Amino acid sequence: MMKHKGYLGSVEFDLNQQLLHGKIEAVNDLVTYEAKDIAGLKTAFEEAVDDYLATCEEQGKVPDKPMNGSFNIRIGEELHKKVYLMSLEKGCSINDVIKQSVANYLEGKGKSAQLRIKDDIYLNMENIVSIKWDDECLLIGLNGGHPFYRVFVGEHDVELEAHAGVEVNEFHRIKRQITEYRGQ
């Protein structure tokens, strides 16, 4: 990627024509450029940005901004509720919770604060204080709320609010994610 005046430009290579080419990213208008070498491509990109801005000005059009730091997402009612509750718990805004979650994800911190047990069941990793297991049961010690959460391999007759039956591969995923998060 190249950057000029806040705009980003891609870099591609056409093997058949022996050309470098690219386009200005994240704008609705299609603005392309090409060159024979890297230095030429950088110059062509900067000229394309300058030309795009000049053309917009001549036409009385407001140029697309490459990124303004705001976008809309649809996350569903349940996830929205969970984000809201977490914002209350942390004493911050929903926006702050989402920004931190995205930043953690993009920084490759594979240590998600939320552990998915099943599609609709999540545990906050920060609340996990201990973990014990055997071949069929994972006992997760928690602070606050239920003192323990049980994850079983397969379905069990036990009707407890704080338990879930999962397939064996999910059982191992959950165990692995907790131990990685806790650095064990």
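**Labels and their cut-offs**

Biologist: Why is K42 called partly exposed?

Modeller: The relative accessible area of K42 is 43%. Buried means under 20%, exposed means over 50%, and partly exposed is in between (1.4 Å probe, protein chains only). K42 is therefore partly exposed. This is a predicted model, in which local features need pLDDT of at least 70 and side-chain atom pairs count only at pLDDT 80 or more, while totals for chains, interfaces and linings use all residues. Residues are numbered from 1 along each chain as its sequence is written, and side-chain values use heavy atoms, with hydrogens and water left out.

Biologist: What makes the contact between E46 and K42 a salt bridge?

Modeller: The closest N and O atoms of E46 and K42 are 2.5 Å apart. A salt bridge is a side-chain nitrogen of Lys or Arg within 4 Å of a carboxyl oxygen of Asp or Glu, so the pair qualifies. E46 and K42 are separated by about one helical turn, because they are four residues apart in helix α1. E46, at 24% relative accessibility, counts as partly exposed.

Biologist: How many salt bridges are there in the whole structure?

Modeller: The search finds seven. One of them joins D96 and K99 at 4.0 Å, N to O. D96 and K99 are three residues apart in helix α3, which means about one helical turn between them. Another joins E170 and R173, with the closest N and O atoms 2.8 Å apart. These two lie in helix α4, residues 168–182. Helices (H or I, at least four residues) and strands (E, at least two) are DSSP runs, numbered from the N terminus.

Biologist: Is R173 buried or exposed?

Modeller: R173 has a relative accessible area of 12%, so it is buried. R116, E170 and R173 are linked in a network of salt bridges.

Biologist: What gathers E47, D51, E57 and E58 under one label?

Modeller: They form a patch of negative charge on the surface. Patches are made of residues with over 30% relative accessible area and no salt bridge; like charges are joined within 9 Å, nonpolar side chains within 5 Å. Asp and Glu count as negative. E58, in helix α1 (residues 38–58), has a relative accessible area of 69% and is therefore exposed.

Biologist: How do you know that strands β4 and β5 pair?

Modeller: Two strands pair if DSSP finds at least two bridges between them. Strand β4 (residues 19–25) and β5 have four, in the antiparallel sense. L20 stands opposite A35 in β5. The two strands form a hairpin with six residues between them.

Notes: Areas by Shrake-Rupley, 256 points an atom, 1.4 Å probe, with all protein chains shown as cover. Charge placed at Lys NZ, Arg CZ, Asp CG, Glu CD.
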